[in-house]
Amino acid sequence: MFGAIAFIPLFAQDVMGVSPTYAGYILIPLMLSVVVTTTIGGRLMSKVSYRAILVPSMALMAIGLGLLGGMTVDTTALHLVLYMIITGLGMGALYPVVGTSAQSAVGPGIRGVATSSSQFFRSIGGTIGVSVLGSLLTKRMVTGGSETDYRVVLSHTLNSVFLVGLGFVIIALIACFLMGNARLVPKASKVKQRA
């Protein structure tokens, strides 16, 4: 997730040739699609299992990263926006579902610990992930081969970065398939009101 956010503006600015301001704005479709599925994922948690939300979300994110990994110097801004929307739709539902499932898995006395641990490990994972992908980017740029066009070398290198991210998403997708059928249990007061 963090790799896409960090490296999409680099692609837009240095491969597509847009201004730094536009490269920053270009993430807006990604973030708006994240907001849409965050809301939808939050509402679905009381109706379906966590796995039923996480599997399609991870699959969408995998498709989006696969499309980002296939970009070239000829990729248009419209294609980039479409790929980001697909990726963002996959990312969005992960935030509420992972946090809520961590809270639901423990007793009331340690929910704060579960929530903070979930956020902490997400931050650590993002930091390590972006660092590893940045190292891959630097190494691939240094050993870019005989290609003299900087844009082409950077495009191929960023493809590798997005495809490594895709590999991590596929691992997470497999883990989601192995989850049980845990789901958000409605509070007792809400259940009594419905009856």
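A pocket, in the sense used on this tour, is an open set of points on a 1 Å grid over the protein atoms alone, with protein on both sides within 12 Å along at least five of seven lines, and its lining residues are those with an atom within 4 Å of a point. The model on the screen is predicted, so the stops that follow describe computed features of that model.

**First selection: the largest pocket.** Select Met1, Met61, Gly125, Phe168 and Ala172, which lie nearest the centre of the largest pocket, among the 32 residues that line it. Helix H1 (2–15), helix H4 (50–68), helix H6 (94–104), helix H7 (111–142) and helix H8 (150–177) are the elements that each give two or more residues to this lining. Which element gives the most to the lining? It is H7, with ten residues, and the volume of the pocket comes to about 810 Å³.

**Second selection: the whole protein.** Now display the complete chain as a cartoon, where the secondary structure comes to nine helices and zero strands. The C-alpha trace spans about 70 × 30 × 30 Å along its principal axes, and buried residues make up 36% of the 195 residues. Of the contacts with a separation of 6 or more, 78% are accounted for by residues 24 or more positions apart.

Switch to a surface display, for which the accessible surface comes to about 10500 Å², with 69% of it belonging to carbon and sulfur atoms. If you then colour the charged side chains, you will find 13 positive and 4 negative ones, the centres of the two sets lying 39 Å apart.

Why is Ser118 classed as buried? Its relative accessible area is 14%, and the class of buried residues takes in values under 20%. Leaving aside neighbours within four places in sequence, Ser118 is in contact with Val98, Gly99 and Ala102.

Finish in helix H8, where Ser160 has its place. Because its relative accessible area is 15%, Ser160 is likewise buried. Show its surroundings, and, once neighbours within four places in sequence are left aside, the residues in contact with Ser160 are Leu136 and Arg140.

Definitions and conventions: Residues numbered from 1 in each chain as written. Predicted model: local features only at pLDDT ≥ 70, side-chain atom pairs only at ≥ 80, totals over all residues. Heavy atoms only, no water. Helix = DSSP H or I, 4+ residues; strand = E, 2+ residues; numbered from the N terminus. Buried < 20%, exposed > 50% of the residue type's maximum accessible area, 1.4 Å probe, protein only. Contact = heavy atoms within 4.5 Å. Areas by Shrake-Rupley, 256 points an atom, 1.4 Å probe, with all protein chains shown as cover. Lys, Arg positive; Asp, Glu negative; His and termini not counted. Charge placed at Lys NZ, Arg CZ, Asp CG, Glu CD. 1 Å grid on protein atoms, 1.4 Å probe; cavity = no way out; pocket = protein on both sides within 12 Å on 5 of 7 lines; lining within 4 Å. Points joined across faces, edges and corners; volume = space filled by probe spheres on them.
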